[in-house]
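Please open the structure in your viewer and follow the stops below in order, selecting what each one names.

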Protein chains: 2
Amino acid sequence: MTNQSTSTGIQEAIAAADEKFMETFNGGDAAGLADLYTENGQLLPTGSDFVTGTVAIQAFWQGAMDMGIKTAKLETVEAEGHGDTAIEIGKYILSGETGNIMDRGKYVVVWKQVGGQWKVHRDIWNSSLSAQGD
Amino acid sequence: MTNQSTSTGIQEAIAAADEKFMETFNGGDAAGLADLYTENGQLLPTGSDFVTGTVAIQAFWQGAMDMGIKTAKLETVEAEGHGDTAIEIGKYILSGETGNIMDRGKYVVVWKQVGGQWKVHRDIWNSSLSAQGD
């Protein structure tokens with residue numbers, strides 16, 4: 001396999017994993033979302049310390065959904081693979097019930113392949129909106 | 001080389017690179033700091049879009065210094081190496097002239113080895129302080 005095809009392969013694999021994340025989020029399924037993370041997965045959210053493990057991750061995303069976030073849109077900017085590890089840089093948009101944008105920003109995800117499935121291992125993001133909200 | 005010693009090697013290499021970053025930051029040298037990034041390095045700061053390349057990175061850190069941030073303290077939580085790439089998860093504290101904490105939070109850095117030196121390639125962080133400032 002050439003580097004080119006490896007690179008294409010990882011792009012597609014991460015795009016598919018992102019697609020599954022979006023579907024699960026948009027279905028309001030916080031437990032399903034937590035299951036897309038590794039067992040010792042971690043969120044690094046703004047305004048919070050590290051959020052570690054399935055139970056805490058489920059609770060975090062349930063909280064986000066309860067705040068009225070209905071859809072998450074993820075867009076890969078770049079993805080590179082290193083064996084069972086992949087690094088993704090991306091952009092996100094979080095929207096409410098009427099399609100109103102509640103937040104948009106950027107993220108870095110470290111993915112790990114577990115049992116043939118790409119799972120989110122480390123997940124950090126921040127808002128690109130200014131404090132003034134524009 | 002066993003996995004264990006490889007792991008120790010990358011921890012030490014990233015710790016040394018962090019040390020250089022802190023020294024350069026604490027010396028108020030924004031140009032020197034920008035030089036610790038890859039040529040097409042990127043910051044992903046809160047409240048901003050992607051900040052790409054040496055000139056923009058220097059301007060960003062100069063702005064942070066001009067806001068009164070005098071010292072940056074970095075602490076690696078974990079580091080893993082994949083050939084010429086390393087992924088670091090860490091915690092930071094930014095302090096002012098009197099040692100007052102201006103921000104503390106967490107970060108993910110993607111490092112690339114360029115010409116035998118570890119350089120920051122992707123740099124995302126966010127504050128762990130709540131919006132209420134505690």
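Is Trp125(B) buried or exposed? With a relative accessible area of 13%, Trp125(B) is buried, where buried means under 20% relative accessible area, exposed over 50%, and partly exposed in between (1.4 Å probe, protein chains only).

Before going on, note that this is a predicted model, in which local features need pLDDT of at least 70 and side-chain atom pairs count only at pLDDT 80 or more, while totals for chains, interfaces and linings use all residues. Residues are numbered from 1 along each chain as its sequence is written, chains are lettered from A and ligands numbered from 1 in the order in which they are written, and side-chain values use heavy atoms, with hydrogens and water left out.

Next, select Phe60(A) and Trp125(A). Among the 12 aromatic pairs that the structure holds over all chains, Phe60(A) and Trp125(A) form one that is edge-to-face, at 5.8 Å centre to centre and 65° between the planes; rings of Phe, Tyr and Trp (its six-membered ring) pair if their centres lie within 6.5 Å, and planes under 30 degrees apart count as stacked, over 60 as edge-to-face and the rest as tilted. This pair links distant parts of the chain, 65 residues apart, with Phe60(A) in helix H3 (residues 54-66) and Trp125(A) in strand S6 (residues 117-127) of chain A; helices (H or I, at least four residues) and strands (E, at least two) are DSSP runs, numbered from the N terminus. Phe60(A) is partly exposed at 26% relative accessibility, whereas Trp125(A) is buried at 12%.

Now show both chains and turn to the interface. Here 29 residues of chain B are in contact with 29 residues of chain A, contact meaning heavy atoms within 4.5 Å. The area buried between the chains is about 2,200 Å², of which carbon and sulfur atoms give 65%; buried area is the accessible area (1.4 Å probe) that two parts lose on being put together, summed over both. Select Phe50(B), Lys106(B) and Ile124(B), which supply 22% of the area that chain B buries against chain A, more than any other three residues.

As a last stop, select Arg122(A) and Glu78(B), whose side chains meet in a salt bridge (2.6 Å, N to O). The rule, a side-chain nitrogen of Lys or Arg within 4 Å of a carboxyl oxygen of Asp or Glu, finds four salt bridges across this interface.
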